[in-house]
Amino acid sequence: MLRVTKLTDYATVVLTVLAAQPGAVLSATGLAEQAGLETPTVAKILKPLAQAGLVAGIRGANGGYRLARPAEAISLVEIVEAIEGPLGMTECSVHAGACGIEDSCGVRANWRRINDVVADALRGVTLAEMLAPPAARPLPQAGARKTGSGKTIPAILATA
């Protein structure tokens, strides 16, 4: 099963709290309270988000954090990569030379294609869209998602 880590999930929650209040500066404690998370967890998440340029830290008595860019300009792939590092379905999808059978492997190119499709899907969803209620977002129909190469793949967004 492929899934993002809890930290990446929590980072998305923290960022949606900030996105819901454009321009607001919130402390790590305030963010933790509004996100329903522990303050140490939020503090741990904020560091890589700031390093990736997704949040800006404001110093001083009224300091805290705010989004560094509008929510519409932040994609999910940026959030995932800020917390997890480069997106890779397999080690060889990201780093050449990481596998002992790379020279004779017949599936590496296909894993790279799959990696590109997943990255494109995450690139296609913004933080602003994560704020919208599920019913307000149109669900893609089977066959509606196109890859970078122009091929159509069946894709249906699951609803909870």
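I take helices as DSSP runs of H or I, at least four residues long, numbered from the N terminus. The model I am reading is a predicted one.

**Entry 1: α6 and the surface**

I looked up Ile114 first. It sits in helix α6, residues 108-123. Ile114 belongs to a nonpolar patch with Val107 and Trp111. Together the three have about 250 Å² of accessible area.

**Entry 2: α2**

I moved to helix α2, residues 28-35. Gly30 lies in this helix. Gly30 counts as buried because its relative accessibility is 16%, and the cut-off is under 20%. Which residues of α2 are buried? I list Ala28, Gly30, Leu31, Ala32 and Ala35. What covers them includes α1 (6-19), α3 (39-51) and β2 (64-67). I also took a C-alpha to C-alpha distance from Gly30 to Gly64: 8.9 Å, across 34 residues of sequence. Just after α2, I noted Gly36 with a positive phi of about 75°.

**Entry 3: the hairpin**

Next I traced β1, residues 55-58. β1 runs antiparallel to β2, and four bridges join the two strands. Val55 has Leu67 of β2 as its bridge partner. The two strands make a hairpin with five residues between them. In the turn, Gly60 has a positive phi of about 115°.

**Entry 4: the core**

I then turned to the largest nonpolar core, which has 25 residues. Which members touch the most other members? I find Leu15, Leu31, Val42, Leu49, Leu67, Ile79 and Leu127. Helices α1, α2, α3 and α4 (76-84) each supply at least two residues of this core. α1 gives the most, with six.

**Entry 5: Thr12**

Last, I checked Thr12 in helix α1. Thr12 is buried, because its relative accessible area is 13%. What does Thr12 touch, not counting residues up to four places away in sequence? I find Leu76, Ile79, Leu127 and Met130. Ile79 and Leu127 are also on my list of core residues that touch the most other members.

Notes. Residues are numbered from 1 along each chain as its sequence is written. This is a predicted model: local features need pLDDT of at least 70, side-chain atom pairs count only at pLDDT 80 or more; totals for chains, interfaces and linings use all residues. Side-chain values use heavy atoms; hydrogens and water are left out. Buried means under 20% relative accessible area, exposed over 50%, partly exposed in between (1.4 Å probe, protein chains only). Contact means heavy atoms within 4.5 Å. Two strands pair if DSSP finds at least two bridges between them. Patches are made of residues with over 30% relative accessible area and no salt bridge: like charges are joined within 9 Å, nonpolar side chains (Val, Leu, Ile, Met, Phe, Trp, Tyr) within 5 Å. Accessible areas come from the Shrake-Rupley method with a 1.4 Å probe; for residues, only the protein chains shown count as cover. A salt bridge is a side-chain nitrogen of Lys or Arg within 4 Å of a carboxyl oxygen of Asp or Glu. A nonpolar core is a set of buried Ala, Val, Leu, Ile, Met, Phe, Trp, Tyr and Cys residues joined through side-chain atoms within 4.5 Å.
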